[in-house]
Number of protein chains: 4
Amino acid sequence: MSGNTFGRLFRLTTFGESHGRAVGGVIDGCPPGLHADIPFIERELARRKPGQSDYTTPRGETDSVIFSSGILEGMTTGTPIGFWILNTDQHEEEYDHLRKLFRPSHADLTYQQKYGIRDHRGGGRASARETVSRVVAGAFAKLLLMRGNITVQAYVSSIGPVSLTTNYTGLSLDKTEDSPVRCPDPHTSAEMEKYLQDIMRERNSTGGTITCIARHVPPGLGEPVFDKLQAALAHAMLSIPAVKGFEYGSGFKGTTMKGSEHNDPYALVTEPDGSVQIRTLSNRSGGIQGGISSGEDIFFRVAFKPISTIGLEQLTLDDQGRNVRFTGARRYDPCPVPRAVVIVEAMTALVLADYFLMQKCMS
Amino acid sequence: MSGNTFGRLFRLTTFGESHGRAVGGVIDGCPPGLHADIPFIERELARRKPGQSDYTTPRGETDSVIFSSGILEGMTTGTPIGFWILNTDQHEEEYDHLRKLFRPSHADLTYQQKYGIRDHRGGGRASARETVSRVVAGAFAKLLLMRGNITVQAYVSSIGPVSLTTNYTGLSLDKTEDSPVRCPDPHTSAEMEKYLQDIMRERNSTGGTITCIARHVPPGLGEPVFDKLQAALAHAMLSIPAVKGFEYGSGFKGTTMKGSEHNDPYALVTEPDGSVQIRTLSNRSGGIQGGISSGEDIFFRVAFKPISTIGLEQLTLDDQGRNVRFTGARRYDPCPVPRAVVIVEAMTALVLADYFLMQKCMS
Amino acid sequence: MSGNTFGRLFRLTTFGESHGRAVGGVIDGCPPGLHADIPFIERELARRKPGQSDYTTPRGETDSVIFSSGILEGMTTGTPIGFWILNTDQHEEEYDHLRKLFRPSHADLTYQQKYGIRDHRGGGRASARETVSRVVAGAFAKLLLMRGNITVQAYVSSIGPVSLTTNYTGLSLDKTEDSPVRCPDPHTSAEMEKYLQDIMRERNSTGGTITCIARHVPPGLGEPVFDKLQAALAHAMLSIPAVKGFEYGSGFKGTTMKGSEHNDPYALVTEPDGSVQIRTLSNRSGGIQGGISSGEDIFFRVAFKPISTIGLEQLTLDDQGRNVRFTGARRYDPCPVPRAVVIVEAMTALVLADYFLMQKCMS
Amino acid sequence: MSGNTFGRLFRLTTFGESHGRAVGGVIDGCPPGLHADIPFIERELARRKPGQSDYTTPRGETDSVIFSSGILEGMTTGTPIGFWILNTDQHEEEYDHLRKLFRPSHADLTYQQKYGIRDHRGGGRASARETVSRVVAGAFAKLLLMRGNITVQAYVSSIGPVSLTTNYTGLSLDKTEDSPVRCPDPHTSAEMEKYLQDIMRERNSTGGTITCIARHVPPGLGEPVFDKLQAALAHAMLSIPAVKGFEYGSGFKGTTMKGSEHNDPYALVTEPDGSVQIRTLSNRSGGIQGGISSGEDIFFRVAFKPISTIGLEQLTLDDQGRNVRFTGARRYDPCPVPRAVVIVEAMTALVLADYFLMQKCMS
């Protein structure tokens, strides 16, 4: 109810502030007998970690997860998986000047208005630090999905004005992790890096977009009317800090097309395994019809605003309504999208795992 | 769980297929003592009704609501409001040719795959007919919001390639209902009409976008982390049939900006009532920070794909995998957005009413 | 949230007041492809119906259900099953004297205190009339459970001081419906009838208990920690009007035993089908261990208070705090239990169907 | 969904096995600005702790809670309160003989049947060790209720055959904590102790009952139809390990009464503060009418079975179906009720806090 739980059958409940003792969560509904692949979980966390490239804040988060329950001798037991990550890099004094200040386009003022009290240290609960718990749970969701051969892969499709023009079907997504900005096209990746270097020199920030693809999702996932698969994905994406938009399949561009151009024609297609399936020849539907997965690739695009924290001096107000000049931070990411790739994947995996279990009940 | 309930405190559960006996629902959690303004509810329904203009299907839906509970002597009692609308315009025989056919970009095949059985008549549960229940519940939500002076207004901001370039702040939204396509700018409205006439002549269809604005939303609505206000709005919008995208505030365009340009500066502003408030001078945040309403206007844009039903002959498959030629329908809307304006408003009102009640618990 | 929905995967949402236009509900999550056996549903409703014996109010409820959705050609489609029962026997004028009166041990005053407004006609939403919707949904739940050979049978085990001493294992439960008071033991049934005749002559009322048994429940249903199977059953039972207590297995009596006497010893048992199973030789556990079904019979007992409506004159207060004499009603049940048997079964079936679907997700 | 979350607005999600690294939970929905009274929380934990008297197992649990979030400078912030208690007294080797054994009337076999895997160490998730998290959350719920002067007090009303005959209104509940068995009547307490000494000498165990009273609950809490206040209380109580029954107000005994004797008459009563209120002269209703609190004391009784762990040798089966003799444990509680008093209070407080917040939304 209070927005700290995600999912219905495969559920994640999180806790933790940026500069409290720990962030963590409880994964509930993870089926028993799943191999809890700790090295895989740690690799996923490393993809979110600060300091992994020149384009991320050097905050020294260790992001070392402690699992306290739900796993016995390397296997999930079906009981809740409690976990936490201690916050080790706490320099409380650094944040004292923020105690009474409302930073522009941060959640300082709205938290104050909502709760009448707020943890001012590094954004408190509103900090993107909480997303570490999403990555942990997302890793378990991916492990569950792997049982059905379902994969989730995201990549950076634009940074500021630098945009990847090739469609995902023309890209080698396996190269995403080779790029410091997680753009699988080497040429565009280089341009993005160049743009980010300029932005960092300016002590400024910028936004970008991430594209995500889920393959081998079986037909039938999704719950009409209100919980269409795209509705759950949109919910999941817009819950990520800094996200401003979501579109799937033909998206906003599709609105200018005609029905005769947009409809995906059906055809019988012989699959690699020799079976004959009803498939669509195009996929403007983005793998979902009427809220239910069709078996085609699910793909969507997520918009991230420029990071609000910048190194330039800004003018703002304090809690007495006085003008205050302040300079954001010594350390921050110039752009949210490279590190957000794994968060987009995690939230996608959580949605799919939840709907996968839900469909099992009905069949 | 099965996707037929929306909301947590202010809840709507719906039932009904396009060509079953009735569509309807149960509104639960509507506070007691609210005047159930039946003429207002009927006006809202009239805005969704087919046949209201040249650009909507002439299906003779009467859309006459029967309330069966929860209202005593014109007032809500706090108990569930059950309601239904009988489906009167049922020509079952018309739909018999659809029994074994999968129409392109409709939910025929995915429903069959999910449930193993489907109501083929007019799309069954996947038909936009179900949205009539959303409008009924949305009307109650609007009545509740009016207590707090909160208003929700949507309008058509593009149809196919014809796009309204003026920002909402420069428009007279009260003129929306004067336009047959629900575009408040007379010049653009005329162009949209012209485009739709061409589309209809071609027996084709097109898509469009709707912009929605909620004013006077008090600061503090929204639940971090997973149930940010924008996440709930995105969920609500993507649950509407034919919706492909959602963006709020600066949206996708904002991704190309720099942080220094995008951040909304704070200032003390003297309000019309003489009080001095902390406000933002710009509103790229779209009225939401960190998932919580800031008190500024909330605005967002919703993308609708072209209607899948067209009057042109299409080639498709039947349930035996045989090629079949078929012609969509004699009657259909050439574009979803004019009638969807009230649905977008209804879903927005449902979200805000729910979060409004949620915030009351905490304060 | 507002208490009008029951269940998580197999869900019932109800609406309706005793003397409004209709009572009804929405069954959501019922799997597709289930034969909607209308005659069976009607037989279940007949068991709850007033006027079926000398010991029930003669209120002329027709209890004729209208199904409006979710069923196509006699089969469930997986979409929500909307239904309603019109209230035909409305004599509003009869209830006018109750408008400002608080009847002792009725919900008149508490509804007034909670909502500030109430439907005074026949108890409004607090009337047992709402249980008709439970019986409809319970019938679908029973149809689902039959797929797994699971049966639910309840009977009257006491009326006032007249108590059935034989354990359920020594009774022919098939004879329950032969008894006008639904006690399967003919001798005790006759004594109960005699007691009820005395009570009716006095224009008084009395209480009683119902025992319920679920057989063939597979091992593994139930969700630790907070949603143990017995917790869900207790919740379901205490939600029935007039219920004051619940006990399962050894119940309250078991509290006086010693552990060595109470523990159920395990043994290998050869089943009728020749298989060898781990079973318990006794069943003080009532078919549930640690919140999870064990495969043994689940049985429990439910306490009902005397009906608050009596034919004797009572002294009470009106909404001005004035003393008022009033006489309950010309027509009422002298004891709630005979008609409540089918309601206990329905709620049990709803719980088991829900947990049955839940377990499918995990396996 | 998986039963590890309790409540809707005031919510507790727990994790942890008896012999894993830690038990703990997340309290979500606790309003901001509440003084997090750590000494009070520790006193509550001390009441549940093993080793506090001669009648509890000497297991050396330190039960030292670590709070990791949601509290800033001693005040709740409205964000989730994450907490854990490390399991320090782990002697894994002690439990090795239980790996393949099914202890009678424990959850060993049902967990194995449900999950196909189980943590055999000390009962794993089924151990009463999890209740420590309930006590932590219950303490916060009590702190919230204190704002409204609502109190929750429980005591032991029977142990085995030794039963307290005085009604709660005739007892000094403040003396409960003076008794090693938590019975406020010194004479009965002494008898209970004597009985427990006999039971311990026999290396056996016994059951008992707990009575709980909530005072100053305002009228209006409770949600008809399915979430009546008594239904939520019954759910809460039956979720506690070893509980077999629940009754409130007149309970099972009330079933033998006549309506004229059972109905609670209304009267105008002058309160200590001089105000005149509509009250009932008796309280067989147990403070709840139609599922809604009436303002009278809420009271109920909870049945606990004898502890399944005993010191006597028992015969049971292993996972190969072989007969095995085993002796329960060197250390165990002879009776569950003295330590369960604070658990009953905690669960009651959680229910009332949840319903208290729920009612705020509607008013």
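This is a predicted model: local features need pLDDT of at least 70, side-chain atom pairs count only at pLDDT 80 or more; totals for chains, interfaces and linings use all residues.
**Two interfaces compared**

Visitor: How many residue pairs are in polar contact between chain D and chain B, both at pLDDT 80 or more?
Guide: A polar contact is a pair of N or O atoms within 3.5 Å; within protein, one must be able to donate a hydrogen and the other to accept it, and residues adjacent in sequence count only if both atoms are side-chain atoms. Residues are numbered from 1 along each chain as its sequence is written, with chains lettered from A and ligands numbered from 1 in written order. For chain D and chain B the count is zero.

Visitor: Which class holds seven residues on the side of chain D that touches chain B?
Guide: Ala, Val, Leu, Ile, Met, Phe, Trp, Tyr, Cys and Pro count as nonpolar, Asp, Glu, Lys and Arg as charged, and the others, Gly among them, as polar. On this side two residues are polar and one is charged. The class with seven is nonpolar.

Visitor: How much area is buried between chain D and chain B?
Guide: Buried area is the accessible area (1.4 Å probe) that two parts lose on being put together, summed over both. Here carbon and sulfur atoms give 69% of it. K360(D), C361(D) and M362(D) supply 56% of what chain D buries against chain B. The total is about 900 Å².

Visitor: How much area do chain A and chain B bury between them?
Guide: Carbon and sulfur atoms account for 59% of this area. In chain A, F226(A), K244(A) and Y266(A) lose the most area to chain B, together 11% of what that side buries. The total is about 8,000 Å².

Visitor: Which residue of chain B forms a salt bridge with E223(A)?
Guide: A salt bridge is a side-chain nitrogen of Lys or Arg within 4 Å of a carboxyl oxygen of Asp or Glu. The interface of chain A and chain B has four. In the one at E223(A), the closest N and O atoms are 3.0 Å apart, and the partner is K114(B).

How values were computed. Side-chain values use heavy atoms; hydrogens and water are left out.
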